[in-house]
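Hi,

Here is the model I promised to pass on.

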Amino acid sequence: MEKVAKVICVTNQKGGVGKTTTAVNLSYYLAKDKFKTLLIDFDPQGNATSGLGIEKNDPKKLGMTMTEVILGTADLKSAIRETKYKNFHLAPATPELANAEVEITGMNKKFVRLRDAIRTVQNAYDYIIIDLPPSLSLLTVNGMIASNYLLLPVQTEFYALEGVAQLLESMKLVMKQANPNLKLLGVLATMYDRRTSLSTGVLEEIKKYFKALTFNTTIPRNVRVAEAPSHGVPVGAYDKFSKGAKAYKEFTKEVEERTK
């Protein structure tokens, strides 16, 4: 049977919840587990790109990016580059992607441009992870339509569930009108600090709301996780013995299990 990648979009319309960190580290550990993995940076902030040590402000070095792909001036294959890690490829993004989003609003097939691009490479990968922007934008809708699964990181802090209901409504709308196969893969509690009653209380709320969809693994508030992107590496390559690295490794096993 022909191999077709499992496509997972990582999204939360609230920023600062560990969305990009989750996309980068999930991709890293899937690749470590010998799954051929492509990470698509589809956020104009380009943090997944810089978090892997790639200078997003130097167009000469970057070559093709997701801007050209979404505008249709380049195919996805030409934007993909190898990372330092075996089985782990990246399609980078730059702030130019924000302008491209405005441009495609007047174009044909504006909602399925990412899906169509992914179809050209989906037989080359086991997993394709999409890091989406922290907003309910045209890029986010493109990501949902292109995916089999939606992964929702939620930080265990005040206002954690704010906006989540709206995101889930958008997901239902996408399922109804464009992608009936989209599933909520699960909810990942991030920035968890077991020493505070706020963190434990919010985790209980998340579990009450999402029940079995909540991942067993929680990602702790961890200095190493915060430091790794500034060194341009995933936390597993920065300090594989840190609590954060161990948590992302365990979480990846859960993802593998849920997407079997």
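**What I found**

Lys36 lies over the face of Tyr125, 5.3 Å from the ring centre. For that I count a charge as over a ring if NZ of Lys or CZ of Arg is within 6 Å of the ring centre and within 35 degrees of the ring normal. Arg258 does likewise with Phe215, at 3.9 Å from the ring centre.

Before you read on: this is a predicted model, where local features need pLDDT of at least 70 and side-chain atom pairs count only at pLDDT 80 or more, while totals for chains, interfaces and linings use all residues. Residues are numbered from 1 along each chain as its sequence is written, and side-chain values use heavy atoms, with hydrogens and water left out.

Now the aromatics. The whole structure has 8 aromatic pairs; rings of Phe, Tyr and Trp (its six-membered ring) pair if their centres lie within 6.5 Å, with planes under 30 degrees apart stacked, over 60 edge-to-face and the rest tilted. Tyr28 and Tyr85 are an edge-to-face pair, because their centres are 5.2 Å apart and their planes at 85 degrees. Tyr28 sits in helix α1 (residues 19-32) and Tyr85 in the loop between β3 (81-82) and β4 (88-91), so this pair ties together parts 57 residues apart in sequence. (Helices, H or I of at least four residues, and strands, E of at least two, are DSSP runs numbered from the N terminus.) Both Tyr28 and Tyr85 are buried, where buried means under 20% relative accessible area, exposed over 50% and partly exposed in between (1.4 Å probe, protein chains only). Tyr28 and Tyr85 also belong to one aromatic cluster with Tyr29 and Phe88.

Phe88 brings us to β4. Both faces of this strand are covered: Phe88 and Leu90 on one side, His89 and Ala91 on the other, all buried. Strand β2 (residues 37-41) pairs with β4 in the parallel sense over 4 bridges (pairing takes at least two DSSP bridges), and Ile40 stands opposite Ala91. β3 runs antiparallel to β4, joined by 2 bridges, and Arg81 has Leu90 as its bridge partner.

What is Thr49 in contact with, leaving aside its neighbours within four places in sequence? Asp41, Ile54, Lys56, Leu90, Pro92 and Ala93, with contact meaning heavy atoms within 4.5 Å. Thr49 is in helix α2 (residues 47-50) and is buried, with a relative accessible area of 0%.

Cheers
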